[in-house]
Amino acid sequence: MPIKLRPKGERFEIIYGERRWRAAKEAGLDAIPATVEDLSDEEAQARRILENTQRQDPHALEEAEAYERLLAMRDRKGKAVHTVESVAEVAGRSPAHVYHRLKLTALAPELRKAFYAGELSATGAFLVARGIPTELQAEAWARMKRYAEADAFEDELDDEGHLTVSAIEDIIDRDYARRIDGAPFPVGDASLVPAAGACAACPKRSVNQPALFPEPDREDVCTDVACWRGKVAAFIERERREVFAVGGTVLLEEESRRVFNGGAALPWNSPWIDLDGPCHEHPERLRWRELLGDLCPAPTLAFTSQGRPMRLARRAEALGALQKNGIDLSARRPPGEPATEAGGSSAEFSSRPAPPSDAAETRFTAEVARATRQRLLAAVVAAAEGAAPDDDRFANLVYETILHGGYHNALVDTVKRRAGKVPKGEQPEVALARIAEGLSGPALRALVLELCLSRGAYFILSGDKYPRDLARALEVYAIDAEGLERAVADELGAKRAARAGKTVATHA
């Protein structure tokens, strides 16, 4: 390939190809091919930088660094010589290609080393650079390597045992991308972390980076989880101060976990109310805070499983404050509309019997219901597993549950039924995959049916005793639900009586 020269007075200056020229001299050549072009200083520098990217198969990171040097060039007045668009034109590439390569310069040293070593593909490196702040990439890379070595499935690894692009993308989406619409803090509040400003115009938000996030259906996410964590911490601290200022309390992590039952929302029968949520007893569904006004009790700050702070109050305390001031919510309810529990609809809960007044009886009734549901599911699974391979009942039930079933954490429930508990530190999907590996055809079909039925296990319509899909399976497989429930009640009742007798004997 010819080297490039430009006139320099009565001589010539090598723009690029100096190593070829020196090699030719050492080899004793009298001449080598060269082209001459009259170039300005800026043009010469651009050609020099780009020449390295024109050879066959340059490393993507070298190409990125060349583009970065071009963008850093300044003229005598200090003005930038190039834009991304002009770099793309000079390099003969699309602007999108240049944007993607430039993002690679955000890789941390550990990731650059892995990239050069072939442990990361160009696409995988781009996803890390785009989705994880530089200061967190080393932590993320260590996590990815641990996952690849211990927990990854075969389809998540390439032939050399490295995580595939889709696996890397899944890890980033799960652990480092944060959906804007799920922010626990007000995204428009520029005063929360003044140095970061509001999220609306933030350049680290995916919708504000169309060159890097061109997919039209992509979720609007924050790509700087470090900034996100800072805003969450600042918001929680502000909430704490405000709650303490009005005489409220803040629950510890374990206390919050019990309040939310380990979930992201209050249970339907919770003794707590969300002060910023709607009051379902009120015909206009006013917010509790709006309804209580000056009567609002001092709030209790608790945190959901997702870390979202929520201001709560005791339901009984809130209702008592309203009644003392002549506000009777039951009188405000439209005629014929039954009362509801916290957060639920009247249709969903109207069929539930009034709970026993005695706390011990309440717990016993709930335990019988839970154990009965587990036994019924086990009976259905046994019937499905013992059926003939051409039995159509299985396919019909699976089809119906897909149409009807609401979502529940069916994986966790299924693992607990079969293994007793989800192993500590293990994802339920991993535990379930291990269970499924040892199952034959009929047993595997039964597992699929169990998962389908578990999806709707806690959704009971008005007038029904059992979830619709479970009731349908009991009917199809001719299982005596009432007899099984009586057996469960007798068994648990006997255990209860034995414990009570043991307690009496101990005290005696």
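A residue counts as buried when its relative accessible area is under 20%. In this predicted model, cysteine 202 has a relative accessibility of 19% and therefore counts as buried. Cysteine 222, at 10% relative accessibility, counts as buried too.

The sulfur atoms of these cysteines can be followed next. A disulfide is a covalent bond between the sulfur atoms of two cysteines, and here a pair of sulfurs has to lie within 2.5 Å to count as one. For cysteine 202 the closest cysteine sulfur belongs to cysteine 227, 6.1 Å away, which is too far for a bond. For cysteine 222 the closest cysteine sulfur is again in cysteine 227, at 6.0 Å, also too far for a bond. Across the whole structure, the search finds zero disulfides.

The largest nonpolar core has 30 residues, of which Leu104 and Met144 touch the most other members. Helices α3 (60-72), α6 (109-116), α7 (122-131), α8 and α9 (165-175) each supply at least two of its residues, and α8 gives the most, with six. Leaving aside residues up to four places away in sequence, the contacts of leucine 104 include Ala60, Leu61, Arg112, Phe115 and Phe126. Another core, of 26 residues, lies apart from this one; Val398, Ala446, Cys452 and Val476 are among its members.

Helix α8 (residues 134-150) also meets helix α10 (residues 225-245): their axes come within 9 Å and cross at roughly 105°. That angle makes α8 roughly perpendicular to α10. Glu135, Leu136 and Glu139 in α8 meet Val225, Ala226 and Arg229 in α10. By class, this contact has three nonpolar, three charged and no polar residues.

Technical notes:
Residues are numbered from 1 along each chain as its sequence is written. This is a predicted model: local features need pLDDT of at least 70, side-chain atom pairs count only at pLDDT 80 or more; totals for chains, interfaces and linings use all residues. Side-chain values use heavy atoms; hydrogens and water are left out. Axes are lines fitted to C-alpha atoms, for helices over the stretch in contact, and angles run from 0 to 180 degrees between N-to-C directions. Helices (H or I, at least four residues) and strands (E, at least two) are DSSP runs, numbered from the N terminus. Angles under 35 degrees count as roughly parallel, over 145 as roughly antiparallel, 65 to 115 as roughly perpendicular and the rest as oblique. Contact means heavy atoms within 4.5 Å. Ala, Val, Leu, Ile, Met, Phe, Trp, Tyr, Cys and Pro count as nonpolar, Asp, Glu, Lys and Arg as charged, and the others, Gly among them, as polar. Buried means under 20% relative accessible area, exposed over 50%, partly exposed in between (1.4 Å probe, protein chains only). A nonpolar core is a set of buried Ala, Val, Leu, Ile, Met, Phe, Trp, Tyr and Cys residues joined through side-chain atoms within 4.5 Å.
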